[in-house]
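User: Hi! Could you walk me through this structure in plain words?
Analyst: Happy to, let's open it up.

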Amino acid sequence: MPEPESELSSREVEHVARLARLGITAEEVVRYRDQLRHILSAIDALKQADTSKVPATAHPLEERNVMRDDLRESCLPVEAALKNAPSREDSYFRVKAIQE
Amino acid sequence: MTLFQRTIRELHQMLIDEEISSVELTQSVLDQIDAVGEKTKAYLLVTRELALRQAKGADERLRANRDVRPLTGIPIALKDVLCVQDVVSTAGSRILKGFSPPYSATVIERLEAEGAVFLGKTNCDEFAMGSSNENSGYWPVHNPWALDRVPGGSSGGSAASVASGEAIAALGSDTGGSIRQPAALTGIVGFKPTYGRVSRYGLIAFASSLDQIGPMTRDVFDSALVLQAIAGHDPRDSTSSLRPVPDYLSTLRNGVKGMRLGVPKEYFVAGMEPAVEQAIHDAVRLLEQQGASIQEVSLPHSDVALPAYYIIAPAEASSNLARYDGVRYGYQAPGAKNLIEEYMATRQQGFGTEVKRRIVLGTYALSSGYYDAYYLQAQKVRTLIIEDFTRAFEKVDALLGATSPTVAFPLGAKTQDPVAMYLNDILTIPANLGNVCAISVPCGLADGLPIGLQVIAPGFREEIALQVAYAFEAATDFRKLQSPLMRAAA
């Protein structure tokens, strides 16, 4: 497992961008790497906080398990759902092949 | 005084007295948009025909005296992160250029039910990520007080529209200060309600555990009116609170006599401009003269709020923004050979620099091997920040501090240094992480640029924040200050 303290590498930036399905240029890789190193060093103060006695807060909600009645409701009409589609066929979104 | 310079309260009275019509009022604001819009660039889209149609409808409602509400006939600007059915809504991003939402946000439906008039969509940082409005995918906004300066962000267009007379009020959204900081930098009132107070349904998401919609107005009274209209449970947003909404006007004028107000010592941060610090000290003294008891308090984890935020918000954003894939709506890159190439090219070409930076940062913080050190640790720090506020509010009713450590800075001054830009939100972020509410109210000028006083109140105690801010405003003349653009056109 990599050490969080180690400096962010270009390969990691490329890897993370790939995970995020984000195309980036070689020049952007270097720029983001340097900027993120700077940001991460500013964020490092986070580790100084003593969090050994507290749970994590994922959200601030008071309500739990919000359910609605199991009733049939109207939904978005197909035409409305498709009206912004860059590419469609009949009542479907058209996508490129996933496999060759 | 010209109509576009007035407050909702004044205009509502004039409308019900039939001194003016909503069409006249709306035309006055549209004329001001024509006069100064090229200077501020506050709007991405002006919905002229819609506004005049709604104004006519409001006038019929007023004439018939049928369900007349405080916002009936009042022209309001909407931050571009809010979906309005069949009105292009882009969140300031090229990736959503031309996107026409198939439904409206709940806040939009509530304003429609009030009979409000929609002027258009205001410019903002792309997906609300920024503190200067320079991250807009379209163009930057200029501060009506000094056109070579930023209006703050991310609700910079909403702030500039209210400060320049291009709207009577506006809606913004606040994830780390995006309502309060631009309100402070443009001399208006901006209110971030408690998370859960206002429905987020139809708000284009940035960081879903932090985002909250709120009012941007000329004064505190108007802020209460707009919040009253938009607050409350919404079955379509399961994170909206079931707590009843109090009548904010009934306690607004109660004053601060006998109230306990705290001044967090950590909120006088390094890098704070002396004029801002002086204005806050003066504001605290004034509230003491009004009968409040003042004490210094400590929010000991304030220094780790900013680092925690810059993990949590990008992490949530990286997940939220996964939906922009070029398939269902928005931009689709041409010429890709297969689906994954299309995703990567669409997002590369469609997103701006800051958004990409945060997607990479957020994905990194969530990735295997770093999750515990960054994301989990940040969520635990969030708990410490919540506890800081809980302890402080055992001693005091509300907290006072600056909204922004500086006044509006020149365009371009911080665009090359993301960390310097992030520091703008150092005093506003804790309220988002801590699940409390906070309002910014004008408290002076430094070299002709506005300064904002921030009043922070406990979660779901919006009435306290409004009450303190109103008492401060009523004891000063700051609300009468108008930007040069607003004055010049009068």
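User: Where is Ala128(B) found?
Analyst: Ala128(B) sits in the loop between S3 and H5 of chain B. Keep in mind that this is a predicted model.

User: And is Ala128(B) buried or exposed?
Analyst: Ala128(B) is buried, because 30 other C-beta atoms lie within 10 Å.

User: Let's zoom out. How many helices and strands does chain B have?
Analyst: Chain B has 17 helices and 11 strands. Its radius of gyration is 21 Å, close to the 23 Å that the globule rule gives for 490 residues, so chain B is as compact as a globular protein of that length.

User: What does chain B span along its principal axes?
Analyst: The C-alpha trace of chain B spans about 65 × 50 × 45 Å. Buried residues make up 65% of the 490 residues in this chain.

User: How do the strands go together?
Analyst: In chain B, 11 strands form an open sheet with mixed pairing, in the order S1-S3-S2-S4-S6-S5-S10-S11-S9-S7-S8. Strand S1 (43-46) and strand S8 (293-297) of chain B are at the edges with a single partner strand each, so one side of each has no neighbour in the sheet. From one strand to the next, the twist averages 30°.

User: Now helices. How many residues of helix H7 of chain B are buried?
Analyst: Helix H7 (residues 220-230) of chain B is mostly covered, with 11 of its 11 residues buried. Among them are Phe221(B), Asp222(B), Gln228(B) and Ile230(B). Just after H7(B), Gly232(B) takes a positive phi of about 125°.

User: What about the nonpolar core?
Analyst: The largest nonpolar core has 184 residues, and those with the most contacts inside it are Ile76(B), Ile311(B), Val455(B), Ala465(B) and Val468(B). Leaving out residues up to four places away in sequence, Val455(B) touches several residues, including Leu400(B), Ile439(B), Ala465(B) and Val468(B). More generally, nonpolar side chains in soluble globular proteins tend to be buried together.

User: Switching topic: which residues does Ala51(B) touch?
Analyst: Not counting residues up to four places away in sequence, Ala51(B) touches Thr26(B), Leu30(B), Pro75(B), Val117(B), Phe118(B) and Leu119(B). Ala51(B) lies in helix H3 (residues 48-63) of chain B, and it is buried because it has 24 C-beta neighbours inside 10 Å. Thr26(B) is 25 residues away along the chain, and the two C-alpha atoms are separated by 7.1 Å.

User: And Met272(B), where is its place?
Analyst: Met272(B) is in the loop between strand S7 (260-264) and helix H9 (274-289) of chain B. Met272(B) is partly exposed, with 18 other C-beta atoms within 10 Å.

User: Last one! How many residues from chain A and chain B does the contact take?
Analyst: The contact takes 49 residues from chain A and 58 residues from chain B. On the side of chain A that touches chain B, H2(A) gives the most, with 7 residues. By class, that side of chain A has 34 nonpolar, 8 polar and 7 charged residues.

Key
Residues numbered from 1 in each chain as written. Chains lettered and ligands numbered in written order. Predicted model: local features only at pLDDT ≥ 70, side-chain atom pairs only at ≥ 80, totals over all residues. Contact = placed C-beta atoms within 7 Å. Helix = DSSP H or I, 4+ residues; strand = E, 2+ residues; numbered from the N terminus. Nonpolar A, V, L, I, M, F, W, Y, C, P; charged D, E, K, R; others polar. Buried ≥ 20, exposed ≤ 12 C-beta atoms within 10 Å, placed from the backbone. Rg over C-alpha atoms; globule rule 2.2 N^0.38 Å. Pairing = 2+ DSSP bridges. Axes fitted to C-alpha atoms, helices over the stretch in contact; angles between N-to-C directions. Core = buried A, V, L, I, M, F, W, Y, C linked by C-beta atoms within 7 Å.
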